[in-house]
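This briefing goes through a predicted model. The points below are grouped by topic, from the overall fold to single residues.

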Amino acid sequence: MIFAVVMDSPSTADQVANRSTAFWMMRGARAAISIPALILASAFVGFAGLARDAGLTLAQTVFMTGVVWALPAKVVLVGAVIANNSLPAAAFAVALSSVRLAPMVVAIVPEMRAKHTRKWVLYLLSHFVAVTSWVLAMEKFRHVPREYRTAFYGGLGGSLVLTNMVVVGVVFVLAGRLPPAVSAALFFLTPMYFLTSLWGSAREAAAKYAMLLGLAVGPVFHVLVPGFDLLASGLVAGLAAFAIHLVLMKRGKGA
Amino acid sequence: MTFQAYDSWWWPFIFILIGGWLATDAWRFLGVFLGGKLSEDSHMLVMVRCIATALVAAVIANLVVFPTGALASTPLLLRIGAGVAGFASYILAGKRVIVGILAAEAVLVGGMFALQ
């Protein structure tokens with residue numbers, strides 16, 4: 001790809017295609033410079049502090065940022081580490097917190113699949129799917145030719161992941177030296193970012209009931225059933241919200 | 001099989017790979033596999049989204065009510081107040097995330113200095 005940019009020889013169709021791929025990948029990387037990405041980076045600042053406090057090492061924290069990527073999943077995983085949960089319980093809680101990734105990927109794949117897109121490319125790119133890159137991509141895709149949307153998303157998602165791995169690494173090293181008021185403010189970024197973006201991404205009223213109920217029962221279950229609190233909150237508040245949704249829908253149809 | 005269960009350097013990485021990478025990318029890969037087969041507004045998916053949303057909400061609430069580190073030394077009521085103020089500003093500002101975050105931080109930091 002670098003070659004395709006540098007070379008200016010009489011181009012075959014292949015070279016033109018390669019050059020455009022690099023061009024759109026750069027465009028994607030540039031699209032990552034945005035307000036949502038800035039907010040995300042600040043939430044990662046908070047996450048680095050959280051991981052440091054939980055006793056993770058620098059390498060473990062940066063590794064986790066790269067391989068998990070979705071921030072709620074990482075916060076749940078670090079929460080499980082703090083609570084001394086066993087691996088199966090931790091994996092289950094993380095998996096439950098990440099179910100939403102499947103429908104998000106289901107929604108984005110038809111948008112970026114072109115005629116000749118290979119399956120493995122889609123599987124690879126799906127790793128970048130998390131709230132911020134998803135929102136940015138869905139917003140910008142209509143300005144990107146279909147056959148270059150995978151390149152565009154690769155540039156966008158890849159640069160977001162790499163940037164935040166660096167952010168996490170730098171903050172991890174610096175966090176111990178910050179004054180308490182600054183660290184407290186940084187730790188507060190993560191819950192506030194989640195609180196607002198979760199509400200904003202809710203597709204239906206049911207998800208908003210689920211959010212409000214989850215906020216209310218989370219701390220209660222934390223005291224009542226430590227270790228299973230996230231799971232219990234998700235099931236109880238989520239199913240209650242779904243029940244409300246069903247009742248309201250039935251009433252709506254009956255009226 | 002907790003995070004600190006074994007002394008070897010590689011165990012935490014296995015823990016992160018299975019508990020973190022596998023538990024998230026499995027859903028992403030399933031999403032690619034299903035492609036356009038799943039209907040976005042099927043009942044099943046609404047229920048799944050409800051559970052997922054409630055779970056993340058519980059994580060948020062626990063971060064505010066039972067924080068670690070420097071936040072733990074701030075009063076609970078101040079943290080809840082900052083969260084509520086931030087969320088209210090977010091709604092009033094037409095769902096602008098940045099407004100919500102800045103308002104919450106202003107209340108939190110202002111409160112910390114006022115209480116000193």
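Of the 255 residues of chain A, 51% count as buried. The C-alpha trace of chain A spans about 70 × 60 × 30 Å along its principal axes.

**Chain A overall**

- Chain A has 13 helices and 0 strands.
- In sequence order, the pattern of chain A reads α-α-α-α-α-α-α-α-α-α-α-α-α.
- Among the contacts in chain A with a separation of 6 or more, 75% join residues 24 or more positions apart.

**Domains of chain A**

- Chain A is split into domain 1, residues 2–201, and domain 2, residues 204–255.
- The centres of domain 1 and domain 2 of chain A, taken over C-alpha atoms, are 28 Å apart.
- Domain 1 of chain A gives 9 residues to the contact between the two, and domain 2 of chain A gives 7 residues.
- On the side of domain 1 of chain A that touches domain 2, helix 6 (87–97) and helix 11 (180–200) of chain A each supply at least two residues.
- Helix 6 of chain A has the largest share of that side of domain 1, with 4 residues.
- By class, this side of domain 1 of chain A holds 8 nonpolar residues, 1 polar residue and no charged residues.

**Contact between chain A and chain B**

- The contact draws on 92 residues of chain A and 72 residues of chain B.
- On the side of chain B that touches chain A, the elements giving two or more residues are helix 1 (11–34), helix 2 (43–65), helix 3 (76–92) and helix 4 (97–115) of chain B.
- That side of chain B is made up of 50 nonpolar, 16 polar and 6 charged residues.

**Helix 5 of chain A against helix 1 of chain B**

- Helix 5 of chain A, residues 71–82, packs on helix 1 of chain B at an angle of about 150°, and the axes are 10 Å apart.
- An angle over 145 degrees counts as roughly antiparallel, and helix 5 of chain A and helix 1 of chain B are therefore roughly antiparallel to each other.
- The crossing of helix 5 of chain A and helix 1 of chain B is right-handed.
- Helix 5 of chain A makes this contact through A:Ala73, A:Lys74, A:Leu77 and A:Ala80, and helix 1 of chain B through B:Gly19, B:Gly20 and B:Thr24.
- The residues of this contact between helix 5 of chain A and helix 1 of chain B comprise 3 nonpolar, 3 polar and 1 charged.

**Helix 8 of chain A against helix 1 of chain B**

- Helix 8 of chain A, residues 119–126, crosses helix 1 of chain B at roughly 145°, and the two axes come within 9 Å.
- The crossing of helix 8 of chain A and helix 1 of chain B is right-handed.
- From helix 8 of chain A, A:Leu122, A:Tyr123 and A:Ser126 meet B:Arg28, B:Phe29, B:Gly31 and B:Val32 of helix 1 of chain B.
- The residues of this contact between helix 8 of chain A and helix 1 of chain B comprise 4 nonpolar, 2 polar and 1 charged.

**Loop residues with positive phi**

- A:Asn84 is in the loop between helix 5 and helix 6 of chain A.
- A:Asn84 is not a glycine, yet has a positive phi of about 60°.
- A:Asn84 counts as partly exposed because it has 14 C-beta neighbours inside 10 Å.
- B:Lys95 lies in the loop between helix 3 and helix 4 of chain B.
- Phi of B:Lys95 is also positive, near 60°, in a residue other than glycine.
- B:Lys95 has 13 C-beta neighbours inside 10 Å and so counts as partly exposed.

**A buried loop residue in chain A**

- A:Leu56 is in the loop between helix 3 (35–53) and helix 4 (58–68) of chain A.
- A:Leu56 counts as buried because 23 C-beta neighbours lie inside 10 Å, and the cut-off for buried is 20 or more.
- Leaving out residues up to four places away in sequence, A:Leu56 touches A:Ala51 and A:Thr61.
- A:Leu56 and A:Val75 are 19 residues apart in sequence, and their C-alpha atoms are 13 Å apart in space.

Definitions and conventions
Residues are numbered from 1 along each chain as its sequence is written. Chains are lettered from A and ligands numbered from 1 in the order in which they are written. This is a predicted model: local features need pLDDT of at least 70, side-chain atom pairs count only at pLDDT 80 or more; totals for chains, interfaces and linings use all residues. Ala, Val, Leu, Ile, Met, Phe, Trp, Tyr, Cys and Pro count as nonpolar, Asp, Glu, Lys and Arg as charged, and the others, Gly among them, as polar. Axes are lines fitted to C-alpha atoms, for helices over the stretch in contact, and angles run from 0 to 180 degrees between N-to-C directions. Angles under 35 degrees count as roughly parallel, over 145 as roughly antiparallel, 65 to 115 as roughly perpendicular and the rest as oblique. A crossing is left-handed if the near helix is turned anticlockwise from the far one by less than a right angle, and right-handed if clockwise. Domain bounds come from an automatic or database domain assignment. A residue is buried if 20 or more other C-beta atoms lie within 10 Å of its own, exposed if 12 or fewer, and partly exposed in between; C-beta atoms are placed from the backbone.
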